[in-house]
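Please read the following report alongside the sequence and the coordinates.

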Amino acid sequence: MFKALQQQWAKRKLRDPRWEVLFQANDEEWVSVDCETTSLDVAEAEILSIGAVKVRGNRILSSESFDRVVKPSINPDAASVSIHGLRPLDVSQGISCEQAVTELLEFIGGRGLLGYYLEYDVAILNKTVKPLIGCKLPQRQVEISALYYDWKIQQNVGANIDLRLQTILDELHIPTLARHDALNDAITAAMIYQAMQVRKPKRPFG
């Protein structure tokens, strides 16, 4: 009931009726999303790239993916470049954050969101989403590290569970794609989600 009220309140804040599609839940598909940014501090971070891919049932729809490079207001520093490989020259060819997020919202529609430490990516996106449409991302959200944690707890392995991405990939025998690439990271999160679905937990994911 509380969630429904939150949804109604958020919907009333929409600045353009075309974004009502975000509230039209699509229970058949998910979108796995990842952002590369200039910092891990949400308050100061700017988006450098956004990657997303649709998931339908037991399929990752790699042919229906989203990959955008964003031009920040300040070029990434050397430390940032060393992590994600996006140089000032690369991002200078990018589109505006507002355009990238607008296109992402059109791509997502009413689909729920998946991600690894998704809370950070959603917080970063909402810095642009809220001023753009009037409310924050309203979709349901699933944190894949939480799914993995619940599964490990059900195996009675104790509370000291390693949630590092590489540990999860090794445990689930999922191939490691090139890291700190937004689309690759989104695909990786989608693969983990599907691996967890196969393991049939005691309660449904999502």
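## Basis of the values

This is a predicted model, in which local features need pLDDT of at least 70 and side-chain atom pairs count only at pLDDT 80 or more, whereas totals for chains, interfaces and linings use all residues. Residues are numbered from 1 along each chain as its sequence is written, and side-chain values use heavy atoms, with hydrogens and water left out.

Helices (H or I, at least four residues) and strands (E, at least two) are DSSP runs, numbered from the N terminus. Strand β4 covers residues 111–115, and because five of its five residues are buried, the strand is largely enclosed by the rest of the structure; buried here means under 20% relative accessible area, exposed means over 50%, and partly exposed lies in between, with a 1.4 Å probe and protein chains only.

Two strands pair if DSSP finds at least two bridges between them. Strand β1 (residues 26–37) runs parallel to β4 and is joined to it by four bridges, with Leu114 of β4 as the bridge partner of Ser32. Strand β5 (residues 141–143) is also parallel to β4, through three bridges, and there Leu114 has Val142 as its bridge partner. Together with helix α5 (residues 118–133), β4 and β5 make a right-handed β-α-β unit, where right-handed means that, with the strands pointing away from the viewer, the path from the first strand over the helix to the second runs clockwise.

## Asp185 in helix α8

Asp185 belongs to helix α8 (residues 182–198) and is buried, with a relative accessible area of 13%. Leaving aside residues up to four places away in sequence, Asp185 touches Asp34, Glu36, Ala178, Arg179 and His180, a contact being heavy atoms within 4.5 Å.

## Two positive phi angles

Most residues other than glycine have a negative phi. Tyr117, in the loop between β4 and α5, has a positive phi near 50° and is partly exposed, at 45% relative accessible area. His173, in the loop between α7 (165–172) and α8, likewise has a positive phi, of about 60°, and is exposed, with a relative accessible area of 70%.

## A separation from Leu114

Ala78 lies in helix α2 (residues 78–84) and counts as exposed, at 65% relative accessibility.
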